[in-house]
Amino acid sequence: MPLLKATACACSNIAFIKYWGNRDDALRIPVNGSISMNLDRLYTRTTVTFDPNLNADSALVDGREMSGGGMTRISHHLDQVRRRAGVETRARIESVSNFPAGVGIASSASAFAALSLAAVKALDLRMSEAELSALARLGSGSASRSIPTGFVEWFAGDSHESSFAASIAPVDHWALVDVVALVSKAHKATGSTEGHHTAATSPLQAARVADAARRLDLCRKALLSRDFEAFAEVVEQDSDIMHAIMMTGKPALFYWQPATLTIMAEVRRLRASGLPLLYTIDAGPNVHCLCPADYADQVDQAVRALPGVVDTLRAGVGHGAWVES
Ligand code: DP6
């Protein structure tokens with residue numbers, strides 16, 4: 001058998017309506033749908049080589065040879081692809097993210113989306129975009145949203161086949177920019193996977209889930225009509241609600257640092273003064289500040305000047321995952 005090799009790339013994404021908690025942890029079927037945009041300048045490039053001479057999978061990620069739990073997660077994901085192709089061949093993975101490792105920007109979305117596409121391509125499997133998105137979801141929930149292009153909705157579903165993401169608007173629909181204010185470059189204490197497992201321990205999670213359809217609806221409508229004011233209101237509320245769940249679960253997860261609150265307050269102050277700007281925060285202390293592209297320089301300058309902000313990253317709306325020839 002010849003070497004079966006392919007390279008694929010996928011952008012990271014930022015969620016406007018968040019994924020937090022699964023109804024099925026093993027399959028990563030979420031308790032609620034989510035909406036995001038791909039981030040064009042933050043992506044992962046992954047080469048997968050299936051080689052009959054290998055007796056184990058191995059992976060070089062950002063120059064580091066993977067072992068332990070990280071390697072097991074990759075290998076399990078490859079098993080999903082191998083099972084679909086009816087092969088047992090082990091693989092060598094080489095993966096590089098173009099955003100600095102360990103800055104608290106999750107790379108699992110772009111990494112598992114790129115890994116899924118490269119592995120599927122290497123084994124010449126035919127899959128629809130929805131099937132590929134569902135496959136990527138098995139590796140990391142948010143990776144399902146890095147397969148389709150532009151602005152994306154992940155439909156929660158209630159089975160492997162029905163839980164996938166699709167594009168709801170193309171890249172050029174709305175020129176939004178994400179100015180990520182980096183508060184800390186340290187790795188987060190508790191990762192998302194563990195966080196999803198504890199979401200249901202918060203007495204507030206049931207209310208969050210019950211209200212999710214309303215927030216999804218408001219977000220989708222605001223996004224499709226480019227209504228920034230309505231968009232800002234629902235996106236910030238959704239992020240704040242998710243953090244309330246994190247803070248009130250067992251164990252309680254406090255991701256915010258003092259500088260996180262300083263940035264949130266500044267975003268609200270700038271918006272009150274007329275600047276279209278909103279914040280949203282994932283499982284870490286960094287703040288994603290979103291605004292129309294014309295305001296990105298001004299926002300970048302304003303957040304950089306705040307105490308506790310160590311750096312900023314910037315990204316616009318990104319394409320879906322692609323194969324490199
Ligand atoms: C807070 O997709 O990273 O960023 O499925 O365990 O890999 P796993 O979790 P992950 O969770 C993302 C959580 C979030 C919100 C979001 O992106 O929707």
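How far from an oxygen atom of the ligand does a backbone N or O atom of Tyr19 lie? In this predicted model, the separation is 2.9 Å. In Ser142, a polar side-chain atom is found 2.6 Å from an oxygen atom of the ligand, and for Ser192 the distance between an N or O atom of the side chain and a ligand oxygen atom is 3.3 Å. The protein buries 95% of the 460 Å² that the ligand exposes when taken alone.

The surroundings of the ligand may now be considered as a whole. The ligand is surrounded by 17 residues, and the closest are Arg28, Ser140, Gly141, Ser142 and Thr193. Sorted by class, the residues of this shell comprise seven polar, five nonpolar and five charged. Helix H4, which spans residues 192-198, gives the most to the shell, contributing three residues.

Attention may then turn to a pair of helices, H6 and H7. Helix H6 covers residues 212-224 and helix H7 covers residues 228-248. Their axes are 8 Å apart, and the two helices pack at an angle of about 145 degrees. The crossing in which H6 passes H7 is left-handed.

Which residues of H6 and H7 meet? From H6 come Arg214, Arg215, Leu218, Cys219, Ala222 and Leu223. From H7 come Ala230, Phe231, Val234, Val235, Gln237, Asp238 and Ile241. By class, the contact of H6 with H7 contains nine nonpolar residues, three charged residues and one polar residue.

Note on methods
Residues numbered from 1 in each chain as written. Predicted model: local features only at pLDDT ≥ 70, side-chain atom pairs only at ≥ 80, totals over all residues. Heavy atoms only, no water. Near = heavy atom within 4 Å. Polar contact = N/O pair within 3.5 Å; in protein donor to acceptor, adjacent residues only side chain to side chain. Areas by Shrake-Rupley, 256 points an atom, 1.4 Å probe, with all protein chains shown as cover. Helix = DSSP H or I, 4+ residues; strand = E, 2+ residues; numbered from the N terminus. Nonpolar A, V, L, I, M, F, W, Y, C, P; charged D, E, K, R; others polar. Axes fitted to C-alpha atoms, helices over the stretch in contact; angles between N-to-C directions. Left-handed = near helix turned anticlockwise from the far one by under 90°. Contact = heavy atoms within 4.5 Å.
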